[in-house]
Amino acid sequence: MNNHSSKQKGFSLLEVVVSVFIISVGVIGIAGLQLTTSVYAESSLHRSQAASLAREIVERMRQNLDEAKAGGYDFSTLPSKTRSCKGNSKNCSAAQLRDYDEKVWAARVTSLLPGGDAAISTGADNSTDPVQIVVTLQWDENRGQQNLVSQAFTFELYGLAIGAETGASE
């Protein structure tokens, strides 16, 4: 007979617990990485939409150049316009077209940027060329926890051409 005890076969309970712990830490790490990636992707989307919105309003201003150069598009918070004619109507006055542009653009800002707000400053006096336009967009980046992000875009509005330079700040 063999006095030696049989060799141990399989895993001990301690080895199983350690393996489960290591796998759990890995899974939690991957989940955290996925969450962080999702947050950054959403932030990137908002910044991209903000840049697009800034270009959109400046293009609208270029189409209504006299009103833009007179400072008609300046505001410190999104306007809530109710009166307007149809934006492509030849019967619109410059002020009505501005109201229409602001109404449409404000709706896009609030629908694309969570908690979105905006300001436009031209410093226009109707005699200088080019007119510098600063479009500042602000939105809530933290799903209601009031972590506001503000991004400013600077453009120069010439007679019929726009040169763009963007800058961002938080």
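Predicted model: local features only at pLDDT ≥ 70, side-chain atom pairs only at ≥ 80, totals over all residues.
Histidine 46 belongs to helix 1, which spans residues 13–63. Leaving aside residues up to four places away in sequence, histidine 46 touches Leu112, Leu113, Pro114, Trp139 and Glu141.

Histidine 46 also takes part in the packing of helix 1 against helix 3, where Leu112 is among the residues on the helix 3 side. The axes of these two helices are 11 Å apart and meet at an angle of about 180°. Because angles over 145 degrees count as roughly antiparallel, helix 1 and helix 3 are described as roughly antiparallel to each other. From helix 1, the contact involves His46, Gln49, Leu53, Glu56, Ile57 and Arg60. From helix 3, the partners are Tyr100, Asp101, Val104, Trp105, Arg108, Val109 and Leu112. Sorted by class, this contact has seven nonpolar, two polar and four charged residues.

Trp105 from that list leads on to the aromatic rings. A pair of aromatic rings is described by the distance of the centres and the angle of the planes. The count in this model comes to one aromatic pair. The rings of phenylalanine 75 and tryptophan 105 have their centres 6.4 Å apart, and their planes lie at 55°, so the pair is tilted. Phenylalanine 75 sits in the loop between helix 2 (65–69) and helix 3 (94–112), whereas tryptophan 105 is in helix 3 itself, so the pair ties together parts that are 30 residues apart in sequence. How buried are the two partners? Phenylalanine 75 is buried, with a relative accessible area of 13%, and tryptophan 105 is buried too, with a value of 0%.

The strands complete the picture. Strand 1 (residues 117–121) pairs with strand 2 (residues 131–140) in the antiparallel sense, through five bridges. Within this pairing, alanine 118 stands opposite leucine 137 of strand 2. Strand 2 is also joined to strand 3 (residues 148–157), again in an antiparallel arrangement, by ten bridges. Here isoleucine 133 stands opposite phenylalanine 155 of strand 3.

Notes:
Residues numbered from 1 in each chain as written. Heavy atoms only, no water. Pairing = 2+ DSSP bridges. Helix = DSSP H or I, 4+ residues; strand = E, 2+ residues; numbered from the N terminus. Contact = heavy atoms within 4.5 Å. Phe/Tyr/Trp six-rings, centres within 6.5 Å; stacked < 30°, edge-to-face > 60°. Buried < 20%, exposed > 50% of the residue type's maximum accessible area, 1.4 Å probe, protein only. Axes fitted to C-alpha atoms, helices over the stretch in contact; angles between N-to-C directions. Parallel < 35°, antiparallel > 145°, perpendicular 65-115°, else oblique. Nonpolar A, V, L, I, M, F, W, Y, C, P; charged D, E, K, R; others polar.
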